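Here is a short report for a first look at this structure. Keep the sequence and the 3D view open while reading.

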There are 2 protein chains.
Amino acid sequence: MNEVNLDFLFYPESVAVIGASHVPGKVGNGILRSLVNNFRGKIYAVNVKGGEIEVNGKKFKVYKSIKDVPDKVDVAVIAVPAKFVPEVIDECGEKGVKGVVVISAGFKEAGRADLEEELVKRAKKWGIRVVGPNCLGVTNLENGFDCNFNPPERQARPKFGPIAFMSQSGAFGAAILDWAARHEVGMSKFISLGNMADLDESDFMLYLKNDPKTKVITAYIEGVKDGKKFFNVAKETTKVKPVIVLKAGRTEAGAKAAASHTGSLAGSYRIYEAVFEQTGILAAKSMRQLFNYAKALAMQKPANGDRVAIVTNGGGAGVMMSDGLLERGLKLAELSEETKDKFRKAIEEGKLPEHMSYANPVDVIGDAPSSRYELAINYVLEDPNVDILAVIALFQSPALDEGIVDVMDRVKKYGKPIVFIAPGGEFPEKIARRIEKVGVPVFETVEDGVDAVYALVKYGKYLSEL
Amino acid sequence: MNEVNLDFLFYPESVAVIGASHVPGKVGNGILRSLVNNFRGKIYAVNVKGGEIEVNGKKFKVYKSIKDVPDKVDVAVIAVPAKFVPEVIDECGEKGVKGVVVISAGFKEAGRADLEEELVKRAKKWGIRVVGPNCLGVTNLENGFDCNFNPPERQARPKFGPIAFMSQSGAFGAAILDWAARHEVGMSKFISLGNMADLDESDFMLYLKNDPKTKVITAYIEGVKDGKKFFNVAKETTKVKPVIVLKAGRTEAGAKAAASHTGSLAGSYRIYEAVFEQTGILAAKSMRQLFNYAKALAMQKPANGDRVAIVTNGGGAGVMMSDGLLERGLKLAELSEETKDKFRKAIEEGKLPEHMSYANPVDVIGDAPSSRYELAINYVLEDPNVDILAVIALFQSPALDEGIVDVMDRVKKYGKPIVFIAPGGEFPEKIARRIEKVGVPVFETVEDGVDAVYALVKYGKYLSEL
């Protein structure tokens, strides 16, 4: 495998926007705007028309060619009509540019495979690596290097965090960024893959495998570019960090739609499933599931087994969680006799209420304060029959005090993965963010929590069988 | 079937809280507080201790017995220790109370089936109908009659709307109310079923069937009380309005947990599935699915067939939607030659872009303004091969103007059900609320939209086969 260090693409010191425009709404204007908003490196505007552009109060001299820029340029973001792209690549080559992000559409996806080949040929000649064409570019949430032309009032940017996301669909990628921002999901790097004329999903996966800022790699994919390469790269990458793929085009109708969308031969989903299984990739079937998996794996270590314990203050939620886990092929832990004795004794001593259930799910009942949760969680996590814990808290009960945040901090000491589920509205959401600050991921619904447990068990199982 | 009009329970003119307390955090204090906050009828406080209680600046004389209240009382909400409940029922009977809501726990669920039988016996003697015991009571979002003791800062109340919800789990019911408030889901009536010593899920279903304020009936159920009654009531009810049930205890572990939670013999889920299928009940497997189904059915009429058309400005989202629909057993409409001709002609005339796809999914591509959506939607809805439409809009593209709201208003004229999907963050959410004001339900993710389409097709199919 050729390990490519793509840092030059994500951490440029200077960037040129070729096709920069002063017209709001134009792609070349949007890119410049995003860079001015977020990026602290040097920014140069290039357009054959020359002149001057003002963006967010900042004035740019417009160079007629990148060759006129009086400084080195690490990355060029290209947004000129497709037919001009090959010659722009040559100019970039002469200038010593290492990477180009080609936003322009009008290549293979529009029946111009020839133009795309020409683009690649010229780039290869100069040793330039290419993102795209026909894409939204890359966004590095760490340093604000952001080629995405969508304005912030339409598409928010997520905060910096541990999840990298690659997307074969630019529009869907943009929706995901906006969604992630809204739901406080932190991202490291976003890559809109576009036509993948040069760099493809496997190249980026390999780069992200070694990226210290990325803990989990996620991707939306319709069809991979090179199956064998993907297989090999995935197999190496999942040894180091989890990879989660939302594969679209799983059904006949979906595959047909994919063929007309990205030209991907989606292939039989069965084959993809086999590849995912063999390479340890987690396959998500929806956007929410993708991020449930990712959040769990970014915040907790994988489980050493599949025996799940549940501690809840609501019996119904415990029943639903049990159903959800079993329907996903997981199992409830059988608590040891020693653990049951601890519960019996605590009940006798009045430390736990008479009518609680200490079968798994452990139901600490509706009037449980955080201290009762702590006792029950300690007993459960001390049990060698338990590999992973799901805590469900219905915060609508005023009995449940905010001490639960510290409880979750303290019970981390057992070193077993924990998933927290807090269904409801504003109050649970507020506490959820505090619990996440101590390192335990919190989910909004029981079904989201089931996803989280599934991911931790499934990836743990893969690693243990290596 | 005994059609019971339970209006007296949901629309009382006067209510007494028996076990009213001045101690914040106590159940009898919480109930009084909720009523004072939300209910405009007469409220009386009863407690053997007598004295006076102040709640939210309002002073209540405390009557030692309900019999001392100098006025008629329609409903009594009872929150005294279980052992006192039977005699309180007698006092209610003497006073002429028609319905009681027994919040108190400590009956069958705590091994005191005898006490529960006594409660029922006394209530029957006086002709009093009983909600509970061991429940959160009823909440009528229309008139603010709210027996729920959870404080508003912990559990928000949803706005008034068309969805009724019954829950066999009080704690989960509370979480659902809080969640519904957060997600702007409107509710008509909430019923915490508790032990169902007297009134059960079928009685309430029958009442809600005739309730003009309820368009869709939803329920969380672990086990029904009387299978035959449930079957007959459901069969009649679904002729009039949709019923959606989230049945928990579907798996062995879930059923075991349910037995220890509500004592429900969950029975084989296969039997429930057969009953749901035969009675036209839609079975949801998660909280989100329950409300996706409910929202779709509350806002759109059921579909006359299963042929789904998709119009999208993002190819990837169209692929995912195609997958989701097919995986749920639905199918994509085959657009007629006439429709395809319309598209071809519009493309030739430059009214639609050259590279768009007019196979289904119809991809109006990323730079589509609302006018392009309107043209495409008109063509698709005029097609007799299309029974239902899913519109996907990725609002991250600045090209998509807010005129889409009026477009959705205008295309209602075709009379075919429409589901709108707007993935992302704040901006789509803002437009979503405006689109819902014109009557089209909007969903946050493709998978939620798939649920919505499924519900409209499935219920429509049931009705058409009656």
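In chain A, UniProt places the feature "domain: CoA-binding" at residues 9-107, in an unreviewed entry. The model shown here is predicted. Over residues 9-107 of chain A, 25% of the chain is helix and 28% is strand. The end C-alpha atoms of that stretch lie 22 Å apart.

Start with one residue, A:Asn29. Its place is in helix α2 of chain A, residues 27-38. Is A:Asn29 buried or exposed? A:Asn29 has a relative accessible area of 1%. Buried means under 20%, so A:Asn29 counts as buried. Its side chain reaches the backbone oxygen of A:Ser21 at 2.8 Å. Leaving out residues up to four places away in sequence, A:Asn29 touches A:Ser21, A:His22, A:Val23, A:Pro24 and A:Val55.

Now turn to where the chains meet. 65 residues of chain A are in contact with 65 residues of chain B. Between them the two chains bury about 5,100 Å², and 58% of that is on carbon and sulfur atoms. Which three residues supply more of the area that chain A buries against chain B than any other three? They are A:Arg154, A:Arg288 and A:Gln396, with 15% of that area.

The table gathers totals for this interface.

| Interface of chain A and chain B | Value |
|---|---|
| Buried area | about 5,100 Å² |
| Salt bridges | eight salt bridges |
| Polar contacts, both residues at pLDDT 80 or more | 36 residue pairs |

Several elements of chain A each supply at least two residues of the side that touches chain B. They are α5 (170-182), β13 (243-247), α8 (252-261), α10 (287-299), α11 (315-327), α15 (426-437) and α16 (446-464). The largest share of that side comes from α11(A), with eight residues. As for charged pairs, the side chains of B:Arg288 and A:Glu444 meet in a salt bridge, at 3.1 Å from N to O.

In soluble globular proteins, nonpolar side chains tend to be buried together. Here the largest nonpolar core has 112 residues. Which residues have the most contacts inside this core? They are A:Met321, A:Val453, B:Met321 and B:Val453. Take B:Met321, and set aside its neighbours within four places in sequence. B:Met321 is then in contact with B:Ile310, B:Ala390, B:Ile392, B:Ile421, B:Val446, B:Gly449, B:Val450 and B:Val453.

Notes:
Residues are numbered from 1 along each chain as its sequence is written. Chains are lettered from A and ligands numbered from 1 in the order in which they are written. This is a predicted model: local features need pLDDT of at least 70, side-chain atom pairs count only at pLDDT 80 or more; totals for chains, interfaces and linings use all residues. Side-chain values use heavy atoms; hydrogens and water are left out. UniProt positions are given in the numbering used here, feature names are shortened, and annotations may be inferred rather than shown by experiment. Helices (H or I, at least four residues) and strands (E, at least two) are DSSP runs, numbered from the N terminus. A nonpolar core is a set of buried Ala, Val, Leu, Ile, Met, Phe, Trp, Tyr and Cys residues joined through side-chain atoms within 4.5 Å. Buried means under 20% relative accessible area, exposed over 50%, partly exposed in between (1.4 Å probe, protein chains only). Contact means heavy atoms within 4.5 Å. Buried area is the accessible area (1.4 Å probe) that two parts lose on being put together, summed over both. A salt bridge is a side-chain nitrogen of Lys or Arg within 4 Å of a carboxyl oxygen of Asp or Glu. A polar contact is a pair of N or O atoms within 3.5 Å; within protein, one must be able to donate a hydrogen and the other to accept it, and residues adjacent in sequence count only if both atoms are side-chain atoms.
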